[in-house]
Amino acid sequence: MINIILFGPPGSGKGTQAKKLADKYGFLHISTGDLFRYEIGNKTPLGLEAKSYIDKGQLVPDSVTIGMLRKKVESSPDANGIIFDGFPRNVLQAEALDELLAESDDRISALIQLNVSDDEIVKRILERSKTSGRSDDADESIIRNRIDVYNRETAPVFAYYSEDGRSHAVEGIGQIDEIFARLCNLVDTL
Ligand code: AMP
């Protein structure tokens, strides 16, 4: 079983590329951002709690996020590999993910980071806000806050998996299919 963390700042193309990888390789695609938006859409207590953080560009508390992720993973025992998109977002979540996978003698095969500059991210997310309907996409100061949170809390996850050589990076700038080909080249070596 191949389990991949698709990694990178907000707006780096994780969601787009994760969907394409899931289609091509038959992986289950788990996006914690999508799971939260589903809960928000259904006005569940979890959704209402998450919304107060998401709207400010902050991370939802670990206990809530890890519990939701665990439920999703445990409800899909037959998955032929998982692609994690937007999780883990800090080292504590990475440790929790490792423990969860170890319970079924599984592990992360690779973390793949999409490299995109901050200015390109802001440009892309503002463009996406025209159609995404996401309140956290429409305001530049919230986007900048999401980037700060990424640099402070999420970026160290790259080092966490690089200790034993599992972290990789690919250029995240270019045509969608060009970037996809770079990712496939890497996934084919796993
Ligand atoms: P995304 O769709 O991945 O950009 O996530 C949108 C928002 O959902 C983030 O800015 C966070 O507020 C929240 N979120 C998504 N995934 C996580 C996570 N793993 N940990 C904490 N908050 C998260």
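Which helix gives the most residues to the shell around the ligand? Helix α2 (residues 32–41) does, with 4 residues. Helices here are DSSP runs of H or I with at least four residues, strands are E runs of at least two, and both are numbered from the N terminus.

The model is predicted: local features need pLDDT of at least 70, side-chain atom pairs count only at pLDDT 80 or more, and totals for chains, interfaces and linings use all residues. Residues are numbered from 1 along each chain as its sequence is written, and side-chain values use heavy atoms, with hydrogens and water left out.

**View 1. The shell around the ligand.** The shell holds 16 residues. Thr-32, Arg-37, Gln-58, Gly-86 and Arg-89 come nearest. A residue is near if one of its heavy atoms lies within 4 Å of the molecule. By type, the shell has 5 nonpolar, 6 polar and 5 charged residues. Asp, Glu, Lys and Arg count as charged; Ala, Val, Leu, Ile, Met, Phe, Trp, Tyr, Cys and Pro as nonpolar; the others, Gly among them, as polar.

View 2. A polar side-chain atom of Thr-32 lies 2.8 Å from a nitrogen atom of the ligand. For Gln-93, a polar side-chain atom lies 3.0 Å from a ligand nitrogen atom. Val-60 uses its backbone: an N or O atom there lies 3.1 Å from a nitrogen atom of the ligand. The protein buries 96% of the 490 Å² that the ligand exposes when taken alone. These areas come from the Shrake-Rupley method with a 1.4 Å probe.

**View 3. The loop with the cis peptide bond.** Phe-87 and Pro-88 are joined by a cis peptide bond, with omega about 0°. Pro-88 sits in the loop between β3 (82–85) and α5 (91–102).

View 4. Lys-43 lies in the loop between α2 and α3 (45–54). Its phi is near 50°, a positive value in a residue other than glycine.

**View 5. The chain as a setting.** The chain has 9 helices and 5 strands. Its radius of gyration is 16 Å, close to the 16 Å that the globule rule gives for 190 residues, so the chain is as compact as a globular protein of that length. The radius is taken over C-alpha atoms; the rule is 2.2 Å times the number of residues to the power 0.38.

Definitions and conventions. A polar contact is a pair of N or O atoms within 3.5 Å; within protein, one must be able to donate a hydrogen and the other to accept it, and residues adjacent in sequence count only if both atoms are side-chain atoms.
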